[in-house]
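Take a first walk through this protein. Begin with the whole, then look at a few parts.

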Amino acid sequence: MNERIWPVQGDSRVPYWVYTDEAIYRRELERIFEGPTWSYLALECEIPNPGDYKRTSIGERSVLVVRGENGAISGFLNRCAHRGTQLCQQDTGHVKRYITCPYHQWTYDLEGRLRGLPFFRGVKGVGGMPPDFSMAEHGLTPIRIQGRGGAVFGSLSAEAPTLEHYFGRKMLGFYDRVFDGRELRLLGYSRQRLAANWKLILENIKDTCHASLLHVFFVTFGLFRVDNPSKLRMDDSGLHTALISERGRQEFNEGTRQMQSFKAELTLQDPRIIDAVREFPGEATVIMHTFWPNLILQQQSNTLATRQIVPRGPHEFDLHWTFFGYADDDAEMTERRLRQANLMGPGGLVSMDDGEIITRAQEGFRNAAEAAGVNEMGGRDYADADHMVTDVALRAFYRGYRRVMGL
Ligand code: FES
Ligand SMILES: [Fe+2]
């Protein structure tokens with residue numbers, strides 16, 4: 001890699017090569033996704049029964065999470081121990097007791113142990129595996145798995161601390177607010193492929209100001225706006241963040257007067273889409289969480305979702321949305337969650353804007369390695385804030401990122 005030098009202004013600048021440079025991207029895979037981090041993989045309710053599996057990923061690595069006979073969840077690389085073939089190509093599925101590779105039918109149990117392979121003893125007295133071949137040494141490659149409150153995380157590193165230490169007590173409080181131990185109910189998926197660098201979607205959530213400028217829907221109906229009572233909380237690394245906000249109204253005020261996207265006359269044919277009920281303790285109607293490195297956890301009114309980031313090179317990533325509720329929701333609540341989910345996802349009334357704008361940002365970074373973004377709103381510090389008129393979460397993010405990446 002050509003040695004890349006960070007701009008002298010420090011963490012308030014983001015050089016555009018972090019979004020385009022192949023070598024930087026390779027280093028990210030190695031130090032971040034394969035490093036001592038925990039990546040979000042699944043919700044337990046996606047694989048409720050023994051033999052259920054989900055194909056998911058850590059960075060670019062395809063991994064499987066599987067519910068075993070005893071109910072425990074294991075994780076493996078989605079790669080046959082024989083000659084590397086991907087075992088499962090469906091996103092979710094069910095096997096009876098074994099996972100069999102389609103190529104030469106090596107067969108593994110739900111804990112990833114190799115249990116059998118054809119022609120083991122040869123055929124008609126010829127061939128077969130050597131007598132000292134050990135099944136025990138040729139199982140699937142396990143990954144570390146830890147669950148909390150119904151979500152499952154995985155790590156490729158023996159060095160990652162426990163999930164609790166990794167998030168830290170402060171961020172865990174926000175996490176546990178949504179994943180509070182109640183059984184979850186899967187409501188649905190949406191997926192999108194975006195022609196943008198994977199960090200841009202994390203930035204998008206940490207970039208508190210944009211929500212009040214870009215999103216006509218948020219701004220007009222007051223769902224998430226800088227003039228609402230808001231807070232921004234970060235962990236010590238600066239990499240995990242929670243944005244906490246209370247809903248405002250469709251009104252002209254000092255804030256909305258500066259927002260071109262505020263539409264005083266706009267009305268909804270069906271206002272039920274923003275009809276929210278309080279369900280969590282406290283006044284916050286929105287908490288947007290970013291858990292480093294691959295999870296956005298969203299509570300926007302009553303729509304709850306995880307968004308899993310799957311990088312695919314410096315210029316592209318996939319975003320996997322999983323919408324959920326709680327098993328004890330009544331039918332009305334489920335319907336409300338689903339209705340509000342129309343704000344989100346690839347065609348969502350709000351999130352569509354984000355997908356479009358980060359793609360445009362990536363276009364802007366082409367052939368612009370000498371230039372850098374400016375994150376100076378709210379000063380140049382890193383402290384938690386009791387408002388959203390600030391880029392502090394972006395500065396803190398790049399401070400943490402630079403430390404991990406050695407930049
Ligand atoms: S590659 Fe899987 S059985 Fe041969
Ligand atoms: Fe946004």
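The paragraphs below go from overall build to single residues.

This is a predicted model, in which local features need pLDDT of at least 70, side-chain atom pairs count only at pLDDT 80 or more, and totals for chains, interfaces and linings use all residues. Residues are numbered from 1 along each chain as its sequence is written, while chains are lettered from A and ligands numbered from 1 in the order in which they are written.

The protein has seven helices and 19 strands. Both are DSSP runs numbered from the N terminus: helices are H or I with at least four residues, strands are E with at least two. The radius of gyration, taken over C-alpha atoms, is 23 Å. Of the 407 residues, 43% count as buried. Buried means 20 or more other C-beta atoms within 10 Å of the residue's own, exposed means 12 or fewer, and partly exposed lies in between; C-beta atoms are placed from the backbone.

Now to a sheet. Three strands form an open, antiparallel sheet in the order β2-β11-β10. Strands pair if DSSP finds at least two bridges between them. β2 (39-43) and β10 (144-148) stand at the edges with a single partner strand each, so one side of each has no neighbour in the sheet. Four bridges join β2 to β11 (residues 151-155). In one of them, L43 partners A151 of β11.

Next, a helix pair. The axes of α3 (residues 199-206) and α7 (residues 392-405) come within 8 Å and cross at roughly 140°. Axes are lines fitted to C-alpha atoms, for helices over the stretch in contact, and angles run from 0 to 180 degrees between N-to-C directions. L202, E203 and K206 in α3 meet A393, L394 and F397 in α7. Contact means C-beta atoms, placed from the backbone, within 7 Å.

Finally, some loops. The peptide bond from W292 to P293 is cis, with omega near 5°. P293 lies between β15 (286-291) and β16 (295-300). Q105 is not a glycine, although its phi is positive, about 60°. Q105 is partly exposed, with 13 other C-beta atoms within 10 Å. N367 also has a positive phi, near 50°. N367 is exposed, with 9 such atoms within 10 Å.

Methods: Rg over C-alpha atoms; globule rule 2.2 N^0.38 Å. Contact = placed C-beta atoms within 7 Å.
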